[in-house]
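Hi,

Here is the structure I said I would pass on to you. Have a look at it first, and then read my notes below.

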Amino acid sequence: MDYEATGSAALAAIAAAPDLAAIEALRVALLGKKGSISALLKTLGAMDAEQRHSQGPRIHALREAVTEALGARKAALDAAALAARLARESVDLTLPAPERAGGSVHPVSQVMDELAEIFADLGFSVATGPEIEDDWHNFTALNMPESHPARAMHDTFYFPDRDGAKNDEGGREMLLRTHTSPVQIRTMLAVSAKEPGGAPLRVIAPGRVYRSDSDATHTPMFHQIEGLVIDRGIHLGHLKWTLKTFLAAFFEREDIVLRLRPSYFPFTEPSVEVDTGYSWQDGRRVVGGSGDAPGHGWMELLGSGMVHRKVIAAGGLDPDQWQGFAFGVGVDRLAMLKYGMSDLRAFFDGDVRWLAHYGFAALDVPTLSGGVGTPL
Ligand code: PHE
């Protein structure tokens, strides 16, 4: 049999195959179960030894040459297909990019960032504590022992245990912190553990707090920023200067007038409620000026005071050596005042239309132009 002729006919057909389907058809026709070369291989069985010795290598060589040619042609066709696709699918970089729905920064996050920045300029660092707190840090250490009436005023969310009774972890009831003041204790304890009597310290503690309360001006979750300064010889004047300086930077005006009223918090002595003067502009309260001026008023802004001796002691510091002031301010309220929002509940509804209106571009430069003067 003329294997050479068979071979060159097969190789010519393979070289001429126009596409992958034609290659596959040729593979089946030549090497498949019923293919012509497979049939040739089968004839070897019927040959005598001498014939097989002379024919065998020629048939095998033929099969090898065909197999190789099929592979080579397939690779060439693949490469051509890829090259064609690359030429076809070029990207036009001059086309305008599709518009992307941009996220925005929530006003509460924006205000917290602004406050962190203002207080950083005054030498404060940021401290944090857990939102799931125990009653010792939230109440007892802040001079509110069990059965203290102020505990009832906080409308606390307690964690019930399996029997529905108040939970008790290592003798301490667990709750959602009702204010950021427990971070005062945690910060003092952390500092005094590292270095006995290791004050001074200046921190702010921003975060979520929880109270069982819900109406137009109260949500069960809201945000506070705690401020704490512990040093030697700290007095109310430092507190007032710090508050005035931070409010001037935050509201971006020089004419902040504060009114300090005696108040009561178990963890400060004396305690001071701080009001700020405001006026009306376009039906909106605008912070600034004296509240006693005609058409002006005073609004309550925050609670503060000199840190109680018992609280300094609970923080592991010696109250004869260290004094300090603390304040707690509602972040949501500050945001409403500065950016003119009227309904607190809308803050936490998660409505993207509200966010698109009141949110801040993530990459905006902060609104604060410069620093706020010399540190304390
Ligand atoms: N923790 C108080 C509150 O939530 C505010 C406060 C903080 C008062 C620090 C005095 C000192 O109402």
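**What I found**

At 47% relative accessibility, Glu252 counts as partly exposed. Glu252 is in the loop that runs between H9 and strand S6 (258-265), and its phi is positive, at about 55°, although Glu252 is not a glycine. Before you go further, keep in mind that this is a predicted model.

Asn143 is another residue to look at here: it is not a glycine, yet it has a positive phi of about 65°. You will find Asn143 in the loop between H6 and H7. Is Asn143 buried or exposed? Its relative accessibility is 15%, so Asn143 counts as buried, the cut-off being under 20%.

The peptide bonds have something for you too. The one from Glu269 to Pro270 is cis, with omega near -5°. Pro270 sits in strand S7, which covers residues 268-281.

**The loop around Met144**

Met144 is also in the loop between helix H6 (135-138) and helix H7 (149-153). With a relative accessible area of 1%, Met144 is buried. What does Met144 touch, once its neighbours within four places in sequence are set aside? The contacts are Asn138, Phe139, Ala150, Arg151, His179, Pro266 and Phe267.

**Helix H2 and its partners**

Next, go to helix H2, which takes in residues 20-31. Its 12 residues reach 16 Å from the first C-alpha to the last, close to the 16 Å expected at 1.5 Å a residue. Which residues of H2 are buried? They are Ile23, Leu26 and Leu30. These residues cover an arc of only 65° around the axis, so they lie on the same side of H2.

What do the buried residues of H2 pack against? Their partners are helix H1 (3-16), helix H3 (36-43) and helix H4 (49-88).

I looked at the pairing with H4 in more detail. The axes of H2 and H4 come within 10 Å and cross at roughly 170°. That angle is over 145 degrees, so H2 is roughly antiparallel to H4. On the H2 side, the contact is made by Leu20, Ile23, Leu26, Arg27, Leu30 and Leu31. On the H4 side, the residues are Arg63, Val66, Thr67, Leu70, Arg73, Lys74, Leu77 and Asp78. Sorted by class, the contact of H2 with H4 has eight nonpolar, one polar and five charged residues.

**Helices H9 and H11**

One more helix pair to finish with. How do the axes of H9 (residues 236-251) and H11 (residues 331-339) cross? They come within 11 Å and cross at roughly 45°, and H9 and H11 are therefore oblique to each other. Phe246, Phe250 and Phe251 are the H9 residues in this contact, and they meet Leu334, Leu337 and Lys338 in H11. By class, the contact of H9 with H11 has five nonpolar residues, no polar ones and one charged.

Happy browsing!

Conventions:
Residues numbered from 1 in each chain as written. Predicted model: local features only at pLDDT ≥ 70, side-chain atom pairs only at ≥ 80, totals over all residues. Heavy atoms only, no water. Helix = DSSP H or I, 4+ residues; strand = E, 2+ residues; numbered from the N terminus. Expected span 1.5 Å × (residues − 1). Buried < 20%, exposed > 50% of the residue type's maximum accessible area, 1.4 Å probe, protein only. Arc of directions from axis to C-beta. Contact = heavy atoms within 4.5 Å. Axes fitted to C-alpha atoms, helices over the stretch in contact; angles between N-to-C directions. Parallel < 35°, antiparallel > 145°, perpendicular 65-115°, else oblique. Nonpolar A, V, L, I, M, F, W, Y, C, P; charged D, E, K, R; others polar.
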